[in-house]
Amino acid sequence: MILVSGATGTVGREVVRRLPAALRVRIMARDPGRVTGAPSAERVAADLGDEEALNRALEGVSTALLVTSSPGAGDDARFVRAARSAGVQRLVKLSAAAVLDRQAGDLITRWQRANEELLRGSGLEWTLLRPRSFMSNALSWAESIRGERVVRGLCGTAANACVDPRDIAEVAVRALTEDGHAGKAYTLTGPQALTAVEQTQRLGRLLGVALRFEELSPHQARRALGRRYPAPIVEALLESAERQRAGAKAKLTDTVRAVTGRPAGDFCTWAEDHLAAFADRGGRRDGAAAPPGPGR
């Protein structure tokens, strides 16, 4: 039995779609009704903060994907305790590439390092997935692209070796279903380090529109991020952006190919597959009025 946590998240939902139908799969979510894909999988309602619910969810499980997102909440420790108690053999943990950067001391990176140490000392088999930034982060630009033809962000000319979440999921599935991954830590990047300006240009070409990038000041970025995240997370994200400005996120790896046998997907492929999110609501990429058609 394989258990997938974080199944409604960016990586977890892609893992669910890729697990072979012949396997016994249990999907854990706060709201199982939001889970898509894997119609034959068992679904259980459980919160990472509820140890009793975790004990029930992990009963009979041999391998589990661990995805957490709340620094300081103790979710990883609860999950590991429940996994040991249930007799789970292997945990595959979604971490972050920043743990390898000696200059990274922000809240989120410290939390991920502590989580990795927790797994190493758990007595269980473990595999660590350390992705660079997700290509899907560009979806946060969709509203301003549709409405203003503008992308706003920090460090527009600093490169990031961002990775397609589908590639992270494919590596996760290999680690969950194959032998030979125990004790491994996989740093995952895309095939090219791109700046936000370059991503903006590529999106514009695919959409057939002229997009411009607007650099935010730290004050503007803090205010914008503060509308979505608590203050400690905002400061961690701003520290992370400064490390990107210094070039800390441009290094490439070929780990996706080494694990899956195929090269990592590039940003244009990801963008083409998600272009509807950036297109005008009328369905036209170039912003022109759509021609009359059925139902119009």
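Biologist: In which hand does α8 pass α9, left or right?

Modeller: Right-handed. A crossing gets that name if the near helix is turned clockwise from the far one by less than a right angle, and left-handed if anticlockwise. Bear in mind that this is a predicted model, where local features need pLDDT of at least 70, side-chain atom pairs count only at pLDDT 80 or more, and totals for chains, interfaces and linings use all residues. Residues are numbered from 1 along each chain as its sequence is written, and side-chain values use heavy atoms, with hydrogens and water left out.

Biologist: What makes α8 and α9 parallel, perpendicular or oblique to each other?

Modeller: Their angle is about 140°, and the axes are 9 Å apart. Axes are lines fitted to C-alpha atoms, for helices over the stretch in contact, and angles run from 0 to 180 degrees between N-to-C directions. Under 35 degrees is roughly parallel, over 145 roughly antiparallel, 65 to 115 roughly perpendicular, and the rest oblique. At about 140°, the pair α8 and α9 therefore counts as oblique.

Biologist: Which residues meet there?

Modeller: From α8 you get Pro218, Ala221, Arg222, Leu225 and Gly226, and from α9 Val234, Glu235, Leu237 and Leu238. Contact means heavy atoms within 4.5 Å. By class that is 6 nonpolar, 1 polar and 2 charged residues. Nonpolar covers Ala, Val, Leu, Ile, Met, Phe, Trp, Tyr, Cys and Pro, charged covers Asp, Glu, Lys and Arg, and polar is the others, Gly among them.

Biologist: How do you know how far α9 reaches, and what is expected?

Modeller: The helix runs over residues 231–245, 15 residues in total, and spans 21 Å from its first C-alpha to its last, close to the 21 Å expected. The expected span is 1.5 Å times one less than the number of residues. As for what counts as a helix, it is a DSSP run of H or I with at least four residues, a strand is a run of E with at least two, and both are numbered from the N terminus.

Biologist: Which α9 residues are called buried?

Modeller: Ile233, Val234, Ala236, Leu238, Ser240, Ala241, Arg243 and Gln244. Buried means under 20% relative accessible area, exposed over 50%, and partly exposed in between (1.4 Å probe, protein chains only). Those buried residues pack against α4 (107–120) and α8 (218–226).

Biologist: Then α4 and α9: parallel or perpendicular, and why?

Modeller: They pack at about 95°, axes 7 Å apart, which puts them in the roughly perpendicular class. Leu107, Ile108 and Thr109 of α4 touch Pro232, Ile233, Ala236, Leu237 and Arg243 of α9. The classes there come to 6 nonpolar, 1 polar and 1 charged.

Biologist: And α3 with α4, parallel or perpendicular?

Modeller: Helix α3 (residues 75–86) comes within 10 Å of α4, axis to axis, and crosses it at roughly 15°. The two are therefore roughly parallel. The contact uses Asp76, Ala77 and Val80 of α3 with Trp111, Asn115, Leu118 and Leu119 of α4.

Biologist: Glu116 is in α4. What makes it buried or exposed?

Modeller: Glu116 has 3% relative accessibility, so it counts as buried. Leaving out residues up to four places away in sequence, Glu116 touches Ser95, Val99, Leu128 and Arg130.
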